[in-house]
Amino acid sequence: MEVIIFSGADQVAEYAADIVGQMLAHKPDCVLGLATGSTPVAMYRCLAQRYRDGALSFARATTFNLDEYLGLDSDNSHSYRSYMRRELFDHVDLESERTHLPECAPGEDPRAVGPAYESLINKCGGIDLQILGIGRNGHIGFNEPSSSLASRTRVKTLARRTVSDNHRLFDSPAEQPGMAITMGVATIMDAHRVLLLATGEHKAEAVRAAVEGSISAMHPASVLQAHRRVRVLVDEAAASRLTLVEYYRRVHTQAEWIAGEFSVSGVCDPWFQDGDG
């Protein structure tokens, strides 16, 4: 894991947008894995502004979202399809047919959605860059504690903690779904690169357990320790419970020096130099 600590949430968003922009420049027809929730919003707004400024284009890209609530129509304002339209899709040049979520249409068997989603991801060549947030209980996507580390896209019951954390987004408890369809832990681990974003003190313990704790199904994000190309972007608050803060800063400083001294012409970041996609 590369742990990069920024002074504030705005810097996390800007750097994350830099990485997505570099991915699009390196491979214009890349496959992006997208996340919802409050953390990525600032990054999406940075990307939308850069598109308006002519600095990047999504015209050839394909996207796959991590998850979608079960039982909400795609036009429901609380659906993640609606979220993505508000925060990104309607503000850039993404082709709508290239944007995918694990949606379950009325009358469709939700158990069939996961295998079909996995098949489509594979057909597109896999995910080049997966964006992640992290839940306070360590979930990634909607892979709640106790999720199999070998899991694939499937229906998942939401933990009480997750329902409670998201309660503010719904007008009444009756409207809030208790289930979702989510990429599995193994699906996320198949991504060629992973970028995890976390901001705020309320995420500090989850970040500590993910980065410095034992790998465990009880804290699904911890499995990212076994991924070969992960960057964890955190602000000072989210990093406040990490033990090796000074070391992470030194590693990042030296990595930047190496990149500057031994950069490959035409390649913007070593993360993309030996890329599999």
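Which helix gives the most to the lining of the largest pocket? Helix 3 does, with three residues. Keep in mind that this is a predicted model.

Let's stay with that pocket. Its volume is about 680 Å³. It is lined by 32 residues, and Thr36, Gly37, Ser38, Tyr80 and Asn166 are the closest to the centre. Where do the lining residues come from? Strand 4 (67–69), helix 3 (80–87) and helix 5 (160–166) each supply at least two. What about class? The lining has 13 nonpolar, 13 polar and six charged residues.

Now the aromatic rings. A pair of rings is described by the distance of the centres and the angle of the planes. The count here comes to eight aromatic pairs.

Take phenylalanine 6 and tyrosine 15. Their ring centres are 5.2 Å apart and their planes stand at 50 degrees, so this pair is tilted. Buried or exposed? Phenylalanine 6 and tyrosine 15 are both buried.

Next, tyrosine 69 and phenylalanine 142. Here the centres are 5.7 Å apart and the planes are at 40 degrees, so this pair is tilted. Tyrosine 69 sits in strand 4, and phenylalanine 142 in the loop between strand 6 (129–132) and strand 7 (154–157), so the pair ties together parts 73 residues apart in sequence. Tyrosine 69 has 4% relative accessibility, and buried means under 20%, so tyrosine 69 counts as buried. Phenylalanine 142 is buried, at a relative accessible area of 3%.

One last item. Which residues form one aromatic cluster? They are Tyr44, Tyr69, Tyr80, Tyr83 and Phe142. Look back at Tyr80 in that list: it is one of the residues closest to the centre of the largest pocket.

Conventions:
Residues are numbered from 1 along each chain as its sequence is written. This is a predicted model: local features need pLDDT of at least 70, side-chain atom pairs count only at pLDDT 80 or more; totals for chains, interfaces and linings use all residues. Side-chain values use heavy atoms; hydrogens and water are left out. On a 1 Å grid over the protein atoms alone, a cavity is a set of points where a 1.4 Å probe fits but cannot get out, and a pocket is an open set with protein on both sides within 12 Å along at least five of seven lines; lining residues have an atom within 4 Å of a point. Grid points are joined across faces, edges and corners, and a volume is the space filled by probe spheres set on the points. Helices (H or I, at least four residues) and strands (E, at least two) are DSSP runs, numbered from the N terminus. Ala, Val, Leu, Ile, Met, Phe, Trp, Tyr, Cys and Pro count as nonpolar, Asp, Glu, Lys and Arg as charged, and the others, Gly among them, as polar. Rings of Phe, Tyr and Trp (its six-membered ring) pair if their centres lie within 6.5 Å; planes under 30 degrees apart count as stacked, over 60 as edge-to-face and the rest as tilted. Buried means under 20% relative accessible area, exposed over 50%, partly exposed in between (1.4 Å probe, protein chains only).
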